[in-house]
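This report describes the fold and selected residues of one protein chain.

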Amino acid sequence: MSKPIAFIIGAGKNIGASTTKALQANGYRVARAARTINPDDSKGDDLFLKCDLTKPETVSSLFADLRKSWGEPSVVIYNAAAAHFTPKTDTFSASLDDFVSDMSVNTVSAYVAIQEALAGFDTLPSSASKAFLYTGNILNLEPILGLQTCGAGKSATAHLIQVAALTYREKGLRFHYVDERMSDGRPAIHPYVDGPAHAEFFLELMGETDVPWLATFVAGKGYTDFGKQPK
């Protein structure tokens with residue numbers, strides 16, 4: 001049998017690189033999509049796809065290119081994010097264009113990716129591990145002044161992930177909003193975002209797990225419930 005396929009959308013040098021390494025060590029071929037990627041570097045178990053997630057209408061073509069090259073991914077990790085920072089005293093100063101651009105990356109392109117993932121999951125055997133994982137943060141629960149455009153998108157996509165988890169859990173499909181925290185519950189923000197810890201937790205979420213859709217975790221500890229878990 002051919003190796004299973006994982007697709008990382010928004011594959012950077014931290015979480016994306018660590019997750020690729022972990023997935024390939026566990027027998028996956030990994031397709032990666034990013035703005036700065038060079039498709040000509042594709043080889044072996046690496047497939048590189050160039051993308052611009054400010055244009056959600058192009059997301060379906062990414063999946064089409066992957067299907068043409070390799071086949072259907074059983075694991076999709078949406079790791080892209082966008083933010084236009086504003087002064088804490090003037091949080092609505094981001095332009096409409098910037099707001100729309102960030103919402104496109106954080107939510108609208110993720111919505112299309114969920115649709116495409118679901119279409120693909122239906123074609124895979126029941127034995128395949130089928131998971132859609134979204135790299136989130138604390139902004140769906142607590143605002144951080146100055147991060148309005150990012151927070152709006154993360155909050156909206158947290159809703160999409162929750163709905164997907166409720167809708168498709170009887171089919172064995174896993175949808176998780178993955179949120180790294182410090183041990184005291186504070187958000188893990190740059191430079192404290194732990195790529196290897198994300199990779200380890202992603203692998204856990206791809207398997208049989210009772211971790212809820214809102215998957216808050218601490219590096220070295222795994223899933224940690226900070227008492228704000230919606231139903």
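## A nonpolar surface patch

Leu96, Phe99 and Val100 make up a nonpolar patch on the surface, and together they have about 280 Å² of accessible area. The model is a predicted one. Val100 belongs to helix 3, which covers residues 96-121. Val100 is classed as partly exposed because its relative accessibility is 43%, and that class lies between the buried limit of under 20% and the exposed limit of over 50%.

The chain contains an open sheet of 8 strands with mixed pairing, in the order 3-2-1-4-5-6-7-8. Its edges are strand 3 (46-50) and strand 8 (222-223), each of which pairs on one side only.

Val30 stands opposite Asp46 of strand 3.

## Helices on the sheet

Helix 1 (residues 15-25) packs on the sheet and touches strand 1 (5-9), strand 2, strand 3, strand 4 (75-78) and strand 5 (131-135). The direction of helix 1 makes about 175° with that of strand 1.

Helix 2, made of residues 59-69, lies across strand 1, strand 2, strand 3 and strand 4. Helix 2 runs at about 150° to strand 3.

## Strand 5

Strand 4 and strand 5 run parallel, with 4 bridges between them. Tyr78 has Tyr134 in strand 5 as its bridge partner.

Is strand 5 mostly covered or mostly open? Strand 5 is mostly covered, with 5 of its 5 residues buried. In a regular strand, side chains alternate between the two faces of the sheet. Strand 5 is covered on both faces: Ala131, Leu133 and Thr135 are buried on one side, and Phe132 and Tyr134 are buried on the other.

## Leu53 in its loop

Leu53 sits in the loop between strand 3 and helix 2. Leu53 counts as buried because its relative accessible area is 6%, against a cut-off of under 20%.

Which residues does Leu53 contact, leaving aside its neighbours within four places in sequence? They are Ile9, Val59, Leu62, Tyr78, Ala80, Ser104, Val105 and Ser109. Tyr78 is also the residue whose bridge partner in strand 5 is Tyr134. Leu53 and Ser109 are 56 residues apart in sequence, and their C-alpha atoms are 6.0 Å apart in space.

Notes
Residues are numbered from 1 along each chain as its sequence is written. This is a predicted model: local features need pLDDT of at least 70, side-chain atom pairs count only at pLDDT 80 or more; totals for chains, interfaces and linings use all residues. Side-chain values use heavy atoms; hydrogens and water are left out. Two strands pair if DSSP finds at least two bridges between them. Helices (H or I, at least four residues) and strands (E, at least two) are DSSP runs, numbered from the N terminus. Contact means heavy atoms within 4.5 Å. Axes are lines fitted to C-alpha atoms, for helices over the stretch in contact, and angles run from 0 to 180 degrees between N-to-C directions. Patches are made of residues with over 30% relative accessible area and no salt bridge: like charges are joined within 9 Å, nonpolar side chains (Val, Leu, Ile, Met, Phe, Trp, Tyr) within 5 Å. Accessible areas come from the Shrake-Rupley method with a 1.4 Å probe; for residues, only the protein chains shown count as cover. A salt bridge is a side-chain nitrogen of Lys or Arg within 4 Å of a carboxyl oxygen of Asp or Glu. Buried means under 20% relative accessible area, exposed over 50%, partly exposed in between (1.4 Å probe, protein chains only).
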